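These are my notebook entries on a structure that I looked through by topic. The sequence and the model come first, and my entries follow.

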Amino acid sequence: MPRYTGWIFFTLLVAAPCAAQTAAVTPTAPDFPRGRISGTMFGDYFYNLVGDPIHVYDASGADAGKQSIDAAGPITKDLNGTQFRRIYFQLDNDLTIRISTRFRLEVDGKSLTSDSKLGVNVKGAYLQAKSVYPRGDLFVGLIQTPIWENSEEFWQYRSIEKTVADFRGLGGSADLGFGLKGFADPNHHFGYSAMMGNGNGQKALVVSGSVRGEEIDRFKKLYFALPVRFTDLRVEPYADYEQARTNVAGNFDRATYKIFAGYEFRKVAVGAEGVERVNHRAGQLSQQPAGFSLFARGVATPTLAAFARFDHWQSNRNAKDRIDSQLYIAGIDWQPIKDVHVMPNVEATQYIRVGNPAGFPAHHDLQPRITFYYRFSRPQS
């Protein structure tokens, strides 16, 4: 009997670690729902070194001059200050392994409340169903449009300036509708993004003097993009089409065409983007604003990088008298700690006279800035 007792004891010693190892690798059920909070903030200290020297003041004595370079005309000289341009706050929540949601708030430095405080609006609110068919996801709600999604990601400096189509107001970054996004091949070289939306973005629609937050009519906006990627090369053709709403005088439609290409070297990336909008009106010559953008960014050290960009813009190719413009951007990106960036930069606009247009600016624009940017996140709960 004692020898059998020894064998039993030996078997237990050998079997116990094996059982423990088997128990250790037993998978557990995923913990749902699980969420993550994240966000970004960027703003500047700016000084308008060159611009319109004439200052106009409102009834309260505040300077009514234009402070920021954009598509709406010249800035006012000597205006300066510190500003927030964007603040994003985002909540991502996974309901199951295949169903997730996103809610995103935006603070825009130009969108103010009735008492001139920074306004908050809903930037994104959607549900994503993953793999509804092989390599394809479905999005429903206020979702991101594909017009500059990939080119902005490649540019990487939205904190400095919008990409050319965004800067010129040729679309919106979000729209209320539904979309499909995925890849045509298992290696993820050929992608696609197709969407149908109201075409009103995040804005309310005014109908008969009342404001409502949705568009209900028979005209919708269609978006389509075909991002292609092979190793470090990216190419993306894009188009969208929108017919007129019934409350807009005159029958018209408009289409936007865009092409983006970018190549990522070891420490340098270069990109190019061309865009054209065709606005058709019944009985009138179509309007065709168009332009292109060339940009580059490079990394010198893990904490120091640089960027530069040039845009050329034609306000309407079909107009013999028009004001065209060129945008110049250059700067340095210093990252003292992870996710915190301090970026001295300069932005300038040069106006070009074509024919004999009315209202040609007497001055160009030059704005040195120190842009600060940081992002934060809270791990999944």
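With which residue does Arg309 form a salt bridge, and how far apart are the closest N and O atoms? I found the partner to be Asp311, with the closest N and O atoms 2.7 Å apart. I took a salt bridge to be a side-chain nitrogen of Lys or Arg within 4 Å of a carboxyl oxygen of Asp or Glu. Arg309 and Asp311 are both buried; buried means under 20% relative accessible area, exposed over 50%, and partly exposed in between (1.4 Å probe, protein chains only).

Basis of the entries. I worked from a predicted model, in which local features need pLDDT of at least 70 and side-chain atom pairs count only at pLDDT 80 or more, while totals for chains, interfaces and linings use all residues. Residues are numbered from 1 along each chain as its sequence is written, and side-chain values use heavy atoms, with hydrogens and water left out.

Further salt bridges. I noted 18 salt bridges in the structure. One of them joins the side chains of Asp108 and Arg86 at 2.9 Å, N to O. This pair links distant parts of the chain, with Asp108 in strand 3 (residues 99–112) and Arg86 in strand 2 (residues 80–94), 22 residues apart. Strands (E, at least two residues) and helices (H or I, at least four) are DSSP runs numbered from the N terminus. Asp108 and Arg86 are buried, and both belong to a salt-bridge network that also includes Glu106 and Lys123. I also recorded the bridge between the side chains of Asp70 and Lys66, at 2.8 Å, N to O. Lys66 counts as partly exposed because its relative accessibility is 22%.

Backbone. I looked up the peptide bond between Phe32 and Pro33 and found it cis, with omega about -5°. Pro33 lies in the loop between helix 1 (2–24) and strand 1 (34–47). Most peptide bonds are trans, and most residues other than glycine have a negative phi. Ser131, in strand 4 (residues 118–133), has a positive phi near 55°. Ser131 is partly exposed, since its relative accessible area is 40%. Asp339 also has a positive phi, near 70°, and sits in the loop between strand 18 and strand 19. Its relative accessible area is 19%, so Asp339 is buried.

Second largest pocket. A pocket is an open set of points on a 1 Å grid over the protein atoms alone, where a 1.4 Å probe fits, with protein on both sides within 12 Å along at least five of seven lines; lining residues have an atom within 4 Å of a point. I noted about 210 Å³ of space in this pocket. Its lining has 16 residues, and Ala71, Gly73, Arg168, Ser325 and Tyr351 lie nearest the centre. Strand 18 (322–337) and strand 19 (340–354) each supply at least two lining residues; strand 18 gives the most, with 3.

Surface patch. Which residues form a nonpolar patch on the surface? I listed Leu233, Val235, Ile259, Tyr263, Phe265, Val268 and Val270, with about 530 Å² of accessible area together. Patch residues have over 30% relative accessible area and no salt bridge; like charges are joined within 9 Å, and nonpolar side chains (Val, Leu, Ile, Met, Phe, Trp, Tyr) within 5 Å. Accessible areas come from the Shrake-Rupley method with a 1.4 Å probe, and for residues only the protein chains shown count as cover. Phe265 is in the loop between strand 13 and strand 14, and it counts as partly exposed because its relative accessibility is 45%.

Note on methods:
Grid points are joined across faces, edges and corners, and a volume is the space filled by probe spheres set on the points.
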